Amino acid sequence: MIGNKCFTFRSCVNQDELVYIQATRDSDVDVFLSSQGGLVLEINDPVHFPDIHYSLINLCSAYIDCPECYEAEVVLYDDYIRNLNATNSAQCPTPPEAYVLSNCRYTGTFGDVEDIRQSPDTLLVTSSNLLVYVGMVVTLEEYPGNCYTVYGPYTELTGCPCDYVTVLNASGDCTCCLGEDPKPPVERVIPKPVRVFYHITDTECEIRDNTTFANNYYNLFTGIRYGLKNCCGDVDFEKLWIRKELSDYSRINPPVTCSPPAVEVCPDPCPAPEPLGCFPAEAVIAQGSFS
């Protein structure tokens, strides 16, 4: 409306964002804003002023002085004097810094800080000044038993002020903070000897006879060659030879192949043999010719 005064604000967060409002001449809003030119105001109106802090950069009472303000959508602010708070400063306040705490057991990532869904098991956002701990791993009094890697500081799109935390200790990495997982004791397993021998057809007695024969004759050979003699008892080599030959014979002629042929047993009493049959006599009378 041409009869109103028009006010132009610039956001402290986004310098390219301009907001225009109007106020009736000599209204409470007009009187207040006319005294705040060039200063920063805290405006509690998330609908029209989502960034809270705005600098009043221009006020005009004629269309010719600021046509863009009068051509904007009309926002008559006469009834919103309670939303306007003076800061008495021309400098925009420093955005609150935020730090992100990532749980060492969390393997995910994050984007904008204000979009983080906070949880002690994943990510936390704090307004505490953790600049000296950036890149380190800390433990917090509020969340015992957890270790967090510190990221930041962030000043844009933080959604802060946020909760404050108390740092107890700091470590170089998650391994130092959490400690290495205790390794289970190594249990030495001694496998049981496999006493099932495949593709061996010799009996245990045959194996024992052959090994006894070989060991004793090797001892005899070494005694003759090196002049050594076993004084702990004499060995009956004739008996060894006999057992060895019997063992070899049983392998060459196994009992199955050397079994005598089966003989039919005649029942008692034996049945009488059947008589040999003869062809019946034929009558040859009056057959043929005779000479």
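**Figure 1. A left-handed disulfide between Cys6 and Cys69.** The S-S torsion of Cys6 and Cys69 comes out at about -85 degrees, so this disulfide is left-handed. (A disulfide here is a pair of cysteine sulfur atoms within 2.5 Å.) The two sulfurs of Cys6 and Cys69 sit 1.6 Å apart. The link spans distant parts of the chain, with Cys6 in strand β1 and Cys69 in helix α2 (residues 67-71), 63 residues apart. Helices (H or I, at least four residues) and strands (E, at least two) are DSSP runs, numbered from the N terminus. Cys6 is buried at 1% relative accessibility, and Cys69 is buried with a relative accessible area of 1%. For these labels, buried means under 20% relative accessible area, exposed over 50%, and partly exposed in between (1.4 Å probe, protein chains only).

A word on the model: it is predicted, so local features need pLDDT of at least 70 and side-chain atom pairs count only at pLDDT 80 or more, while totals for chains, interfaces and linings use all residues. Residues are numbered from 1 along each chain as its sequence is written, and side-chain values use heavy atoms, with hydrogens and water left out.

**Figure 2. Helix α3 and its cysteines.** The structure holds five disulfides, and two of them reach helix α3, as shown here. Cys104 and Cys174 pair with sulfur atoms 2.1 Å apart, and a torsion of about -80 degrees makes the link left-handed. Cys104 is buried at 18%, whereas Cys174 is partly exposed at 22%. In the other disulfide, the sulfurs of Cys147 and Cys177 are 1.9 Å apart, and the link is left-handed with -80 degrees about the S-S bond. Cys147 comes from the loop between β8 and β9 (148-154), and Cys177 from helix α3, 30 residues apart. Cys147 is buried at 4%, and Cys177 counts as buried at 18%. What about Cys176? Cys176 is in no disulfide, and the nearest cysteine sulfur, that of Cys177, is 8.7 Å away. Cys176 is exposed, with a relative accessible area of 56%.

Figure 3. Asp30 and Lys5 meet through their side chains in a salt bridge, 3.4 Å from N to O. Asp30 belongs to helix α1 (residues 28-34) and Lys5 to strand β1 (residues 4-11), so the pair ties together parts that are 25 residues apart in sequence. Both Asp30 and Lys5 are buried. The cut-off for a salt bridge is a side-chain nitrogen of Lys or Arg within 4 Å of a carboxyl oxygen of Asp or Glu. A search of the whole structure finds three salt bridges.

**Figure 4. Charged pairs on helix α5.** Arg243 forms a salt bridge with Asp209, with the closest N and O atoms 3.1 Å apart. This one connects distant parts of the chain: Arg243 is in helix α5 (residues 237-252) and Asp209 in helix α4 (residues 204-226), 34 residues apart. Arg243 is partly exposed at 41%, but Asp209 is buried at 15%. Asp248 and Lys244 are four residues apart in helix α5, so about one helical turn separates them. Asp248 is partly exposed at 27%, while Lys244 counts as buried at 16%.

**Figure 5. Phe9 in the largest nonpolar core.** This core has 15 residues, and Phe9, Ile21, Leu33, Ile43, Phe49 and Tyr77 touch the most other members. β1, β2 (18-24), α1, β3 (40-43) and β4 (53-60) each supply at least two residues, and β2 gives the most, with three. A nonpolar core is a set of buried Ala, Val, Leu, Ile, Met, Phe, Trp, Tyr and Cys residues joined through side-chain atoms within 4.5 Å. Leaving aside residues up to four places away in sequence, Phe9 touches residues including Leu18, Val19, Leu41 and Tyr54; contact means heavy atoms within 4.5 Å.

**Figure 6. An open, antiparallel sheet of five strands.** The strand order is β7-β6-β9-β8-β10, with antiparallel pairing. β7 (123-126) and β10 (167-171) stand at the edges with a single partner strand each, so one side of each is left without a neighbour in the sheet. Strands count as paired if DSSP finds at least two bridges between them. Four bridges join β8 (residues 137-140) to β10, and Val137 stands opposite Ser171 in β10.
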